[in-house]
Every structure is written in C-alpha cells, then in structure tokens.
Amino acid sequence: MKDGVGKTYGAKKFVINQFLKKGNKFLYLRRYKEERKKALAKFFTDVAQEFPDTELKVKGDNFYINQEIAGYSAVLTQAQDYKGSAYTDVKNIIFDEYPIEKNKRYYLPGEGMIIMGMLDSFLRNRSDVKIFILGNATNDIEYSPLFTFFNLELPYNNDIKLFKDGLILLQYMNNEKYRQAKKQTKFGRLVAGTDYEEYAINNKFTDDNKNFIEHKSGQAKFSFSFVYKGNTYGVWIDYNIGKMYVSRDYINNGLCFATTTEDHSPNTMLYSIAKKYNCWNSFIQNYKLGNVYFENMKIKNISKEVLKNIILRS
C-alpha cells in the first residue's frame with residue numbers, strides 16, 4: 001500500500017477502532033528516531049476527523065485514547081534496547097514507510113534479522129498479533145531486506161499474493177475512490193498525465209512495463225546459470241524460435257557464473273572470465289538485440305541490474 005491510496009490513514013483508523021471496541025493496543029514502528037519524531041508530531045491529525053467524540057493524544061513515545069494508553073512506538077535503530085521487552089498487550093503492529101525511496105536514507109545492515117529479532121521480542125510466542133508493513137511503490141522494493149529475507153515477489157498479475165503458507169499476505173493496493181478524489185484536487189490536476197501521477201496517485205511503479213515478460217517454452221534447452229546476491233538464475237534457449245529466457249529454473253551440473261565477488265564459490269566462475277565463453281557473449285548480444293525474455297518482473301529487474309554492471313565492466 002502507499003500514500004496515494006491512504007495506507008497509513010487506513011491503518012491508524014483500524015488500530016484506533018480496535019482499541020475503542022476491544023481494548024487492543026498497538027505498536028508503531030519506524031526505522032530511524034528522526035522519522036518517528038516527525039510522524040508522532042502529527043500522528044492523529046488527519047484521522048481525528050473520524051473520531052470527533054474521542055480524545056486522541058501523543059505523549060512522549062506513546063499514544064493515548066481518552067486518556068488511556070493505547071499504543072507504543074519503537075525504532076529499528078534501537079532494536080537492542082527492546083530485547084526481552086514483552087508487549088503482551090499489543091495486538092497490532094504498524095511498520096510505516098518500510099521501503100526506502102531512492103536517495104532517501106539507507107536500510108540498516110542485516111535489517112531482515114533486526115526486524116525478526118524485534119518481532120520475536122514483542123510477540124513472545126503469541127499468534128494473535130497482526131503486523132502491517134506499509135510501503136511505497138518504489139522500483140527496487142523487491143531488493144529490500146524483507147523481500148530478500150523471505151524471497152517475496154510482487155503480485156504483478158493480481159492485487160494479492162500469499163507466502164509462507166499464508167502467514168504473509170502481500171497486497172498491491174488500489175483504492176479507486178481515494179485515487180479519483182485525489183485527482184480532483186489542485187495538485188492532482190497539476191500532475192495529471194505525468195510520471196508523478198502514476199507514482200503518487202495511481203500507485204504505479206515508474207519502471208513497471210510488462211515487455212519481455214514470458215515463461216520459457218517447453219522446447220527451451222538449458223545453457224548456463226548465474227548467481228546474484230545468493231540466488232541462482234538459469235538461462236535457457238529455444239533454438240526453434242530463437243529466444244532466450246531467464247528463469248529461476250536451472251541445472252546444477254552446467255556452467256555457473258558468479259556476478260559479484262560475494263557470490264563467488266568453489267562451484268562458480270567469477271564474472272571476469274565469463275566473456276571467454278560463447279554462451280555468455282551470446283546472452284549479452286541477445287539482450288542488446290531485445291531477444292531475451294524473463295519469467296517475471298523481479299527476474300527482469302535483477303537481470304537488468306546484472307547485465308548493466310557486467311556491460312559497464314567490459
């Protein structure tokens with residue numbers, strides 16, 4: 001979900017109603033202290049209109065509803081301070097603005113493990129807690145810590161996709177009513193027809209075209225594989241129709257190239273010698289000619305990143 005479809009607004013409204021109806025408390029999580037400070041200063045400002053007879057306040061790092069503590073806040077950079085802290089009365093967790101937009105701060109080293117450690121401390125073996133992780137439509141979200149930690153993929157052909165036996169629900173949200181109202185504002189009219197409208201209002205990725213997305217044919221033959229950030233991808237060729245494909249399918253006993261020094265292992269050859277092999281050179285040339293296809297957008301974006309780096313090194 002993202003700002004253009006009211007993600008944070010909807011989450012705040014939900015946890016407020018949960019406290020008023022059931023007494024369920026919530027935890028609000030951000031990555032950095034500065035982010036939390038700005039968010040807490042106006043946390044209830046927009047959503048207060050939904051609760052005209054309810055007193056909503058922020059005091060320190062906590063949230064109060066009708067003078068009762070209703071929620072807490074925390075930041076990832078202080079994860080070590082929460083070890084052993086059991087929020088046994090928390091039923092809902094909101095991690096707001098999870099994906100980082102380009103050139104805006106950085107993810108934390110080992111962030112996937114940090115998040116899991118914090119959640120483990122908060123949950124304490126309970127299974128009655130809902131966790132909402134809210135994010136913007138950033139092009140590199142699939143390279144973000146939680147996506148790589150759980151090997152998640154965006155639901156490009158649908159709005160919802162389940163992972164880990166239904167424990168993770170990933171939703172690509174599209175609130176049509178909210179979008180249309182936003183488009184009628186002065187700012188909405190100003191950015192109409194621009195890339196910013198696609199990003200901020202229509203919740204579209206700025207590099208989200210489906211060109212060259214195609215599953216490999218049944219006649220495709222395995223050529224070689226490459227490893228990127230710990231994941232292996234296979235390159236296949238259908239000689240009957242002259243197409244090359246990149247897939248998560250591969251054969252272990254074939255040529256395998258490591259595209260980064262971190263991926264280099266006894267069973268791989270480093271990218272620096274890949275150009276000595278005809279199969280790799282053919283892959284590069286076919287990519288330049290627009291003759292390489294990818295099984296999904298994630299593989300397409302990863303392959304583009306790999307090929308861009310390799311071509312620049314050549």
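**Reading strands and a helix**

Student: Which residue of β4 is the bridge partner of Phe63?

Tutor: Phe63 is bridged to Gly71 in β4. Strands are DSSP runs of E, at least two residues; helices are runs of H or I, at least four; both are numbered from the N terminus. This is a predicted model, numbered from 1 along each chain, with local features needing pLDDT of at least 70, side-chain atom pairs 80 or more, and totals for chains, interfaces and linings using all residues. Side-chain values use heavy atoms, without hydrogens or water.

Student: In what sense do β3 and β4 pair?

Tutor: Two strands pair if DSSP finds at least two bridges between them. β3 and β4 have four, in the antiparallel sense. Two residues separate these strands in their hairpin, where Asn66 has a positive phi near 50°.

Student: What does β3 do with β2?

Tutor: β2 and β3 also pair in the antiparallel sense, over four bridges. Leu56 has Ile65 of β3 as its bridge partner. This hairpin has two residues between its strands, and Gly60 in the turn has a positive phi of about 65°.

Student: Which residues of β3 are on its covered face?

Tutor: Phe63 and Ile65 are on the covered face, while Asn62 and Tyr64 are on the uncovered one.

Student: Which residues of α1 are buried?

Tutor: Buried means under 20% relative accessible area; exposed is over 50%, partly exposed in between (1.4 Å probe, protein chains only). In α1 the buried ones are Lys7, Thr8, Ala11, Lys12, Val15, Ile16, Gln18 and Phe19. Down the axis of α1, they fall within an arc of 160° (directions from helix axis to C-beta atoms), so they line one face of the helix.

Student: What follows α1?

Tutor: Gly23 does, with a positive phi near 75°.
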